Amino acid sequence: MPLKISTWNVKHSQKLIEDNPSANILERIRRVKETITQINTDILLVVEGPKGEAKIIDFCHKVLDNAWVPVLLKGPTDGVGDRDRDYGYDMRGTQWVWYLVKPSVLPQCRIQEAKVWHSFIGSEQWQVNYWGQFQRDDHEHYRQPQVLIYKLANGKEIECIGVHLKSKINKKSITYDAEQNLTGDYVNTALKARVKLATEARNIRHYVDAKFNQLEAPALVILGDCNDGPGQDYFESNYLFFDLIQNLQGEVLMAEKYFNHVLFDVAKDLRWTARFRDPILKIPASKNPLLIDHILVSQPLCNGSFPLKVNAKAGKVEHEIFERVNAQSNSKTISSDHRPVSVVLEDTVIV
């Protein structure tokens, strides 16, 4: 049977389950529910999800009427537990990453504890050398990638790596010298954020390498909000000279480990998931479409060697559903500032 996998950054989703919701929040709840219902995905990665198991259970109940349910780790008492303990997810902050699935799919899904990731990599932290500096700094995932394992009827498994990488938000003041070159803390903060972002992508690739040391051809999906996209923005072009998504995809010369982007054959004008203002290039949000939400798949899911396959035109940004559901919304009632991305895996046809 086909399997649909989606990812969506539901902005500040925790606000949707607060007590005594305002009229604006109730409108957002309606739009979020309708969006997910129309997408009708089997597996949904929710980015900016609420903090803690109890709250994601509340989210599924209050927002989705339990038409989708969370895939959870077992707590010490096999229950929900308190609202702040992480139970092996190793997530920090208030924006967590969760997998929601249809109840019919739940028996085939399990979450892998974060300690397995750390074991495969060798450590929770890694060292970072910033540009032009010999002194090293320690870095780790602020939002630990979450791994869902989906088991097919024949016993084969797909491993989904859900990510929400470091934000590039920079609250430092923008300053220029006499030649209108950027100067000061803004540049330093921007470069550090991008280097950390790149090392998070590299850490994910180290995990991928570990999987290839265990299986000849693992079926892997990397999905989520990478806070960046294909191509190089101002800082990548002028200072760093790398592209984050290339770090995630791998090297073409190592073809068996290369990941295909499910949006590679989508029309260019539709290949974006969010619009944000660029204060450096002075581009308004309305004219700055960005692809920062991604789904990448390993070669066995593309070449027909696995029971499920990503065929041509299988991936899409859910623009039509998003626009329809958010018609006549405003900044306070729109479902999110990101658009969902989906891919359908079809049964492999053996010729």
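Helices (H or I, at least four residues) and strands (E, at least two) are DSSP runs, numbered from the N terminus. The model is a predicted one, in which local features need pLDDT of at least 70 and side-chain atom pairs count only at pLDDT 80 or more, while totals for chains, interfaces and linings use all residues. Residues are numbered from 1 along each chain as its sequence is written, and side-chain values use heavy atoms, with hydrogens and water left out.

Just after helix α1, Asn 40 takes a positive phi of about 55°. An α-helix has 3.6 residues a turn, so residues three or four places apart point the same way.

Elsewhere, 6 strands form an open sheet of mixed pairing, in the order β5-β8-β9-β12-β16-β13, two strands being paired if DSSP finds at least two bridges between them. Because β5 (109–112) and β13 (260–261) stand at the edges with a single partner strand each, one side of each is left without a neighbour in the sheet. Within this sheet, β8 (residues 146–151) and β9 (residues 157–164) pair in the antiparallel sense over 6 bridges, and Gln 146 stands opposite Gly 162 in β9.
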